[in-house]
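Dear colleague,

Please find the structure below, together with its sequence.

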Amino acid sequence: DYEFLVGEFYLKKKSYQSAIDRFETLLRKFPDYKKEAQTLLKLGEAYRGAGMIEKAEVSLNLLIDKYPGSPFTNEARKELASLSKKQYKK
């Protein structure tokens with residue numbers, strides 16, 4: 001949980017690469033982490049903040065596919081819709 005909390009801290013401070021590093025490490029080291037769905041959502045948000053749109057989409061789609069009943073799935077869908085709108089504005 002410590003890695004997750006540190007990743008959230010960095011995300012709130014808009015230190016996106018640091019947040020990405022924490023969330024990726026967490027998912028890699030602890031593949032059965034109980035908050036994986038929430039971590040994937042936060043990772044997607046961090047990728048979006050860093051301008052890594054394709055990676056954000058991958059993370060959010062993984063969350064939706066792997067945890068369709070999760071309360072974080074709706075948030076992931078909203079993030080994806082937001083990303084799509086931003087791409088069309090370019």
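Axes here are lines fitted to C-alpha atoms, for helices over the stretch in contact, with angles running from 0 to 180 degrees between N-to-C directions. Helices are DSSP runs (H or I, at least four residues), numbered from the N terminus. This is a predicted model, in which local features need pLDDT of at least 70 and side-chain atom pairs count only at pLDDT 80 or more, while totals for chains, interfaces and linings use all residues. Residues are numbered from 1 along each chain as its sequence is written, and side-chain values use heavy atoms, without hydrogens and water.

The axes of H1 (residues 2–12) and H3 (residues 36–49) come within 11 Å and cross at roughly 25°. The two helices are therefore roughly parallel (angles under 35 degrees). Phe 4, Glu 8 and Leu 11 of H1 meet Gln 38, Thr 39, Lys 42, Glu 45 and Ala 46 of H3 (contact means heavy atoms within 4.5 Å).

The largest nonpolar core has 22 residues, of which Leu 43, Leu 60, Leu 63, Ala 76 and Leu 83 touch the most other members. Such a core is a set of buried Ala, Val, Leu, Ile, Met, Phe, Trp, Tyr and Cys residues joined through side-chain atoms within 4.5 Å; buried means under 20% relative accessible area and exposed over 50% (1.4 Å probe, protein chains only). H3 gives the most to this core, with 6 residues.

Lys 14 lies in the loop between H1 and H2. Although not a glycine, Lys 14 has a positive phi of about 65°, and Lys 14 is exposed, with a relative accessible area of 60%.

Yours sincerely

Terms used: Angles under 35 degrees count as roughly parallel, over 145 as roughly antiparallel, 65 to 115 as roughly perpendicular and the rest as oblique.
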